[in-house]
There are 4 protein chains.
Amino acid sequence: MGSFKGHALPGSFFLIGGLWWTGKYSFWYATRRNKCLGSTRLASRASQRRLEVMESSLMLLFSVVGMLAEQFAAGGPHLRLYDTSENQWKDLMNWQHATMYLFFWLAGAVSLVVHVTEAVPLALDRLALALAFFIEGFLFLYHLHGRDMLDVHVHQMLLYSVFGQALVVFLEVFHPGNITLELLRSALCLLQGSWFWQIGYVLYPPGGAQWVLTDHNNMMFVTMCFCWHLAASILTVSAIYCAITCVVRSRLKRTPPVEMGLLKHRDGELESDEEAM
Amino acid sequence: MGSFKGHALPGSFFLIGGLWWTGKYSFWYATRRNKCLGSTRLASRASQRRLEVMESSLMLLFSVVGMLAEQFAAGGPHLRLYDTSENQWKDLMNWQHATMYLFFWLAGAVSLVVHVTEAVPLALDRLALALAFFIEGFLFLYHLHGRDMLDVHVHQMLLYSVFGQALVVFLEVFHPGNITLELLRSALCLLQGSWFWQIGYVLYPPGGAQWVLTDHNNMMFVTMCFCWHLAASILTVSAIYCAITCVVRSRLKRTPPVEMGLLKHRDGELESDEEAM
Amino acid sequence: MGSFKGHALPGSFFLIGGLWWTGKYSFWYATRRNKCLGSTRLASRASQRRLEVMESSLMLLFSVVGMLAEQFAAGGPHLRLYDTSENQWKDLMNWQHATMYLFFWLAGAVSLVVHVTEAVPLALDRLALALAFFIEGFLFLYHLHGRDMLDVHVHQMLLYSVFGQALVVFLEVFHPGNITLELLRSALCLLQGSWFWQIGYVLYPPGGAQWVLTDHNNMMFVTMCFCWHLAASILTVSAIYCAITCVVRSRLKRTPPVEMGLLKHRDGELESDEEAM
Amino acid sequence: MGSFKGHALPGSFFLIGGLWWTGKYSFWYATRRNKCLGSTRLASRASQRRLEVMESSLMLLFSVVGMLAEQFAAGGPHLRLYDTSENQWKDLMNWQHATMYLFFWLAGAVSLVVHVTEAVPLALDRLALALAFFIEGFLFLYHLHGRDMLDVHVHQMLLYSVFGQALVVFLEVFHPGNITLELLRSALCLLQGSWFWQIGYVLYPPGGAQWVLTDHNNMMFVTMCFCWHLAASILTVSAIYCAITCVVRSRLKRTPPVEMGLLKHRDGELESDEEAM
């Protein structure tokens, strides 16, 4: 992954994931709050579940692709772990990245089982995701031995967002459906994505001129830059949230709920929906 | 900010903020507890909201002023980030302080939206404030590289109060309206304010005689001094709390509630007020 | 314990314990969820308590055996703490391991009292277990002074699982009967067990060829290997959970509940069961 | 405080405090659980409050005595902070200890106000106590610069118990009346007390023979010894708890509740008692 592309690729994934989560949770929250306007027409329980199943399947797919790419792309270890001819481990970096994908694959699998069958408690979903983020941070943490100061520093910043996300998702196990935590998670996911791009720009500048990796001023700038990324991701989340809330409201107001009988039925459905969250 | 004034100014802001919060939360708690005496005459839901809007607006205003001052005051970077002539970053300190203000600006903006519109969950307010304090501490943390022992130490003490405050506000996300946490937050805000003044006195003594920045005894004294500041801020909060509680009670006892019909109506109003908290 | 066997033995204990917990909690959760099918035939309150008493007794037994083995096995200190002839402590390692067993003995004793008598609050059970894991980690933490890099590293990995388990059990004090935490605890227990085996293989390879204890690549491999153990233990827990859920369901469906009167009585019993959890 | 007595004295205070708390909380828990037997005869709401007021007053008294002793005992600073003749701080140690007492004084004062008046939320009581323990640990933390390895180590062990206690009391703010946390706090208080005695024995052995302060084996023994102290304090708490529970039960069974009318009245009283906790 020692290249610009190697950082831009996961960055893009996390950016898309963050945007997706922001949209999903904002939409659900807006429909939950506007129950009285008959918002269940927009998001019924069945459609929510279908969405979750789709999300989990995509997660499964991408992590399998990621694992295969790390193993079989040019220069990959092709599933061999130890090079007996040279008496050393083969392509440990690729193996580590494949391990990270493995845990996201696990999170996707658990999420799929949770939303397809009824037998598994809902919170396991979040627990598996929290573990995936934790392991990502854990492997990065022991990744940094003997690198340059700035290289270590940009990755440390990354760790803040990764471990922060792990913590937030772990808290969601105990506070399911808490919109504050869900939006925070989305913002941290966006932050992680954009920071991956930034790391790419700092360590492998596409333009050419290299950064001095041992300059203390560069380190201070990078710290500040990380805060700007956070501010930007918070503003993005806010904008999406406001847009979706407005759209949902205007839509609901334009088309009044049809019949009281039908509505009542749907309200009950939503109620159970909420407690299931 | 390498001057006495540069520390006294934010110190004064935080002192005023801490006093304000102490008063506000004590007053609301006193009116909530004395509902049976008709305390809603003193603090109706609408007036509470007006107060919050005012507070948020002031926060927005001050942080904008702060950002402008850091950028355009004498010696500021005037929005230029990189000095291409000298090939180095321009006035990173000012940029860092402006970044801190930026997050308080964000917290103010979120708080304003929360209290003006109904569409945003209340807890986002606290989350944004917690982030603002966290980022303040985060930037200070990477501020201290290569300074003298005592200089580092006084700023570390500051970090305790800043991160403590971030933690307390984050806990408030899950325990909204908890008076214990609110008073603790107020006390920590006062502590932070008075400690800024203390840092000014230690690093840039207005009298003249410099402190020896490498003496271990000075460090021990400073540690202890930090505890005294905390004790003083707790006593201040206690005094204000007691004064306000007494005033509210005596006022309510002097002027008995007018009519039962009116009172009932107001009680209902307060009830919803509380659960909204 | 400086041998392969010395690591394989506790490893096996934790493996068995983890499997047992996975089975127990999965079974109870399955019966709780399928109350409507009359699952109380499978797990009545009395049988649950009998199981707990048995578990505690086994824990007591094994920890006493462990303590005796550490003291009186060949090379043990035979309860003498200080060797006055050589003016030094006698077999500190054995004493430390005996101390670890002591706290598991305490946890077993508390658990026994909790489940035999009614006078003790249920959560004390978990608290004692959390302390036992904490002390295990605590003693390991101060165990590692002056060892080789890889030796320290594999034990640090162990500490992650041990302290993680202590934390999870401590959280269970406040969230009793939370299946998510219980399964996480089981997975971490399995992880600890299998990691003990791995430590044995790394430090005392039975085959012969020694690992280079100062090679950074080995350290990176070991970190990754720890993640694989975690993934394996999660998969094991998932497999057992699914198997047990399926078995319970199929059994309940084959033999329909007998009589409504009896069932009602049992349902009430289970209800109180749940809140007691 | 660099003497055997200087460690034995606070140790004794904490031992007495721990025993007192164990007894108090065990007794209240036993009476709460045996409500149906009319246990309110033993602990009415008024008597509970009287006990709390007494406890707070004693805490106030002892901390004032402690502060005076630190200031005016032979070799104390007599309230002078800076020795201008020698240009250095005067008796910083004594000032630090006086500061610790100051926070326990604060905790006592807050507790007194909480239990005498009705105007203050109950949880402030615990918050002030948590702060007192935190500050004790905080000052000890910056106390240890430049001492011998074993000296630092025994004080680090002390910090575990002090910060552990601060954390437990802080958790009690959110889980008031949780018997598990209260017993844990009592055990940690006993641990702290007995460990103070142990520190005295290690650093200023009354017998004569000095400990080698740089021997790694001594450090390992001390770590283990700390665990034994913890085990002993847990056993002490358990023994007291069981004894009190048995005594309360046997007493209640011997003298059956007098009249239903009276009982009902008292039960109601206790109910509100509980929720006030």
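## A buried phenylalanine and its partner

B:Phe221 is buried, at a relative accessible area of 7%; buried means under 20%, exposed over 50% and partly exposed in between, with a 1.4 Å probe and protein chains only. B:Trp228 has 25% relative accessibility and therefore counts as partly exposed.

## Basis of the model

This is a predicted model, in which local features need pLDDT of at least 70 and side-chain atom pairs count only at pLDDT 80 or more, while totals for chains, interfaces and linings use all residues. Residues are numbered from 1 along each chain as its sequence is written, chains are lettered from A and ligands numbered from 1 in the order in which they are written, and side-chain values use heavy atoms, without hydrogens and water.

## Aromatic pairs

Rings of Phe, Tyr and Trp (its six-membered ring) pair if their centres lie within 6.5 Å; planes under 30 degrees apart count as stacked, over 60 as edge-to-face and the rest as tilted. Over all chains, this rule gives 92 aromatic pairs. One of them is the tilted pair of A:Tyr29 and A:Tyr241, with 6.4 Å centre to centre and 35° between the planes. This pair links distant parts of the chain, 212 residues apart: A:Tyr29 is in helix 1 of chain A and A:Tyr241 in helix 7 (residues 216-254). Both A:Tyr29 and A:Tyr241 are buried. B:Phe221 and B:Trp228 form an edge-to-face pair, at 6.2 Å centre to centre and 80° between the planes.

One aromatic cluster is formed by A:Phe134, A:Phe138, A:Tyr142 and A:Phe163 together with C:Tyr160, C:Trp195 and C:Phe226.

## Arginine over tryptophan

A charge sits over a ring if NZ of Lys or CZ of Arg is within 6 Å of the ring centre and within 35 degrees of the ring normal. A:Arg185 lies over the face of A:Trp21, 4.4 Å from the ring centre. In chain C, C:Arg185 lies over the face of C:Trp21, at 4.4 Å from the ring centre.

## Annotated spans in chain A

An unreviewed UniProt entry lists "transmembrane region" for several spans of chain A, including residues 12-30 and 186-204; such annotations may be inferred rather than shown by experiment. Helices are DSSP runs (H or I, at least four residues), as are strands (E, at least two), numbered from the N terminus. Residues 12-30 are 100% helix and 0% strand, and their end C-alpha atoms lie 27 Å apart. For residues 186-204, the end C-alpha atoms lie 27 Å apart and the span is 95% helix and 0% strand.
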